[in-house]
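Subject: Structure handover and what was found in it

Dear colleague,

Please find below the structure that I promised to pass on.

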Amino acid sequence: MQYKRGIYQYRNGFELTLSPGRLNDPYKWKEPQLVFVNSMSDLFHEGVPDEYIIEIFKVMNAAPKHTFQILTKRIERVVSIAAKLLWSKNIWLGVSVENNEFTHRIALLKTIPVEIKFISFEPLLGEIEFSDYLGIDWVLVGGESGGKARKVEKDWILSIKKGCIDQNVSFFFKQWGKREFNPDKNDITLDKKHRYYAKGGCMIDGKLYREYPNK
């Protein structure tokens, strides 16, 4: 039987699929790992039982040498279950904010007792008027990619970057998304052989911004 990407966990395509048999994997990793949890889904999806989320947190709590990054659009559910979870220092929590319609997620993120709080403005689909980054440790920005990608504007990116600089928040620019969105046609990260190659390149005015939280 063929599975998407050759991985058993994708046997149902992108339908929600729990994999309890993989929960103990972090205990097997000898070297410290940076783990992006649920890269193709959302840990706080309404179809994931509270009990399963609690078990995942127990594994993360018991594996302190690894760092776990959780990104969610369902921050309301995080708020509702947060008291049942142990937010050990190796857990980072972020929210996705595509445009101004979803900036309310940031205020909810700030209420969670997690060591590192971050915002992912990816894909960035509009100008962000929000500017209060107090209590936020990291901001990531990226343009949309793919055949039907919507254009990201440079001014939107620069506005977020300025807010981060002014408030001493780590700023990470991931990608423009498509070559035609990048105003710098000489961006060296357009080259697939470049160490920091990204879709559409990832430089702003000839400079890389790949900061990480200071904590």
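Predicted model: local features only at pLDDT ≥ 70, side-chain atom pairs only at ≥ 80, totals over all residues.

A residue is called buried when its relative accessible area is under 20%, exposed when that area is over 50%, and partly exposed in between, with a 1.4 Å probe and protein chains only.

Residues are numbered from 1 along each chain as its sequence is written, and side-chain values use heavy atoms, with hydrogens and water left out.

Overall fold

The protein has four helices and eight strands, where helices (H or I, at least four residues) and strands (E, at least two) are DSSP runs numbered from the N terminus. Read from the N terminus, the order of these elements is β-α-β-α-β-α-β-β-α-β-β-β. The radius of gyration, taken over C-alpha atoms, is judged against a globule rule of 2.2 Å times the number of residues to the power 0.38. For this protein the radius is 18 Å, close to the 17 Å that the rule gives for 215 residues, so the protein is as compact as a globular protein of that length. Along the principal axes, the C-alpha atoms fill a box of roughly 50 × 45 × 35 Å, and buried residues make up 45% of the 215 residues. If contact means heavy atoms within 4.5 Å, then 63% of the contacts with a separation of 6 or more are between residues 24 or more positions apart.

Glu98 and its surroundings

Glu98 sits in the loop between strand 3 and helix 3 (104-109). Leaving aside residues up to four places away in sequence, Glu98 touches Lys73, Arg105, Pro123, Leu124, Leu125, Gly126 and Ile128. Two of these neighbours are also joined to Glu98 by polar contacts between side chains, Lys73 at 3.3 Å and Arg105 at 3.2 Å. A polar contact here is a pair of N or O atoms within 3.5 Å; within protein, one must be able to donate a hydrogen and the other to accept it, and residues adjacent in sequence count only if both atoms are side-chain atoms.

Aromatic pairs

The structure holds nine aromatic pairs. Rings of Phe, Tyr and Trp (its six-membered ring) pair if their centres lie within 6.5 Å, and planes under 30 degrees apart count as stacked, over 60 as edge-to-face and the rest as tilted. One of the pairs is formed by Phe57 and Trp87, which are edge-to-face, at 4.9 Å centre to centre and with 75° between the planes. This pair links distant parts of the chain, since Phe57 belongs to helix 1 (residues 50-61) and Trp87 to the loop between helix 2 (75-81) and strand 3 (91-96), 30 residues apart. Phe57 is buried, at a relative accessible area of 1%, and Trp87 is likewise buried, at 10%.

Another pair is that of Trp92 and Trp138, whose ring centres are 5.5 Å apart and whose planes stand at 85°, so this pair is edge-to-face too. Here again distant parts of the chain are linked, with Trp92 in strand 3 and Trp138 in strand 5 (residues 138-142), 46 residues apart. Trp92 is buried at 12%, as is Trp138 at 3%. Through ring pairs, Trp92, Phe118, Trp138, Phe172 and Tyr212 are linked into a cluster.

Salt bridges

A salt bridge is a side-chain nitrogen of Lys or Arg within 4 Å of a carboxyl oxygen of Asp or Glu, and the whole structure contains 15 of them. Asp50 and Lys84 form one of these, with their closest N and O atoms 3.3 Å apart. Asp50 lies in helix 1 and Lys84 in the loop between helix 2 and strand 3, so the bridge ties together parts that are 34 residues apart in sequence. Asp50 is partly exposed at 24%, whereas Lys84 is exposed at 52%.

Lys162 and Asp166 meet in a further salt bridge of 2.7 Å, N to O; being four residues apart in helix 4 (residues 154-166), they are separated by about one helical turn.
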